[in-house]
Amino acid sequence: MKNRVGRIIIGLLALALLGFYTYRQEQIHWHSVDVEAWGPAGGLHPEGFEEGVAMNAAPETPVQMSYAPAATEEAFALTEEPVPAPAEVPAPAPAAESSPFDLTDWKYMLVNGDHSIGQYEPENLVYLNMTADETDLQTSYNPNRIAVDARIAQPLLDFALGCKAAGLPVYLSSGYRSYSEQAANFTRICQNNGISDGKDARGHYITMPAGCSEHQTGLCCDITDHYREIKNDEIFQTETFAWLRDHCADYGFILRFPTGKEDVTGVMNEGWHFRYVGEEAAHYIMDNGLTLEEFWQQFSV
Ligand SMILES: [Zn+2]
């Protein structure tokens, strides 16, 4: 009897153990399902946030990938474009930035004691009556005519006729002089004044050495009221001088050797010597009280 009761107890214990084991297995299974559904492996929260980051990063990565080739193409384009650009851009840049006046223009030719033009000769000369009483421009010389560079003949005639139209006498005293004529002038004036360098006691030229005279350019003219054997300071007292000084820029001329600028030009003041530079430069120079030397200093690059 005791053995039978013992087997029954053992059997019940075995059933209880089997039932407990089965229960535990069920618990583990559902827990693992929870873990898969909501846990780290497939859970929305933990990976939701990470995926959010990944989703935000994802568009950037492809964008960067798509930009990368474009950037590379642009990089090539940038390295190719600047190559021709420097060759083209600097060319106009200096001209645009440097100066409103192109000093290589013939109108601004600078001639003085420091700038000889050697044996330079104008290409074409035109002749004007000294009294400017004829409106036509002559092509041949006679003793009553002066020669000038053909390019300033009409402005000079207009200038002289403008003075006459204002009721004032005008006389075209001296225009173009060749190198040899200036050399003869220089020798004669030096001998007459007992000098050898063409300069007065203050070191200012009263006559220029050949090659250094503006008259050799044909771009200037000595203008007085009437014929004067000696041109001197008396001209400053004439109405003709006052009119020429006040209106020269309107015709493209400047008073080349003004009083007070002797140390700049190196030449004694000459109230009769007018130089053509064109209307724009003439107004700039006369309005600002400059000389052609100072004009060059301002606009040299
Ligand atoms: Zn002169």
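Helix α6 covers residues 179–193 of the predicted model. Just after α6, G194 adopts a positive phi of about 65°.

A positive phi also occurs in a residue other than glycine: A132 has a value near 50°. This residue is placed in the loop between β1 and β2. A132 is buried, because 21 other C-beta atoms lie within 10 Å and the cut-off for burial is 20 or more.

In soluble globular proteins, nonpolar side chains tend to be buried together. The largest nonpolar core of the model contains 39 residues, of which V148, C248 and I254 touch the most other members. Two or more residues of this core come from each of the strands β1 (125–129), β2 (145–149), β4 (220–224), β5 (253–257) and β6 (270–276), and likewise from the helices α5 (150–165), α9 (279–287) and α10 (292–299). The greatest contribution is that of α5, with seven residues.

The contacts of I254 were examined separately. With residues up to four places away in sequence left out, I254 touches C248, A249, F274, R275, V277, A282, I285, M286 and L292. Another core, of eight residues, lies apart from the largest one; its members include F186, M208, C212 and V267.

How values were computed:
Residues are numbered from 1 along each chain as its sequence is written. This is a predicted model: local features need pLDDT of at least 70, side-chain atom pairs count only at pLDDT 80 or more; totals for chains, interfaces and linings use all residues. A nonpolar core is a set of buried Ala, Val, Leu, Ile, Met, Phe, Trp, Tyr and Cys residues joined through C-beta atoms within 7 Å. A residue is buried if 20 or more other C-beta atoms lie within 10 Å of its own, exposed if 12 or fewer, and partly exposed in between; C-beta atoms are placed from the backbone. Helices (H or I, at least four residues) and strands (E, at least two) are DSSP runs, numbered from the N terminus. Two residues are in contact if their C-beta atoms, placed from the backbone, lie within 7 Å. The expected span of a helix is 1.5 Å times one less than its number of residues.
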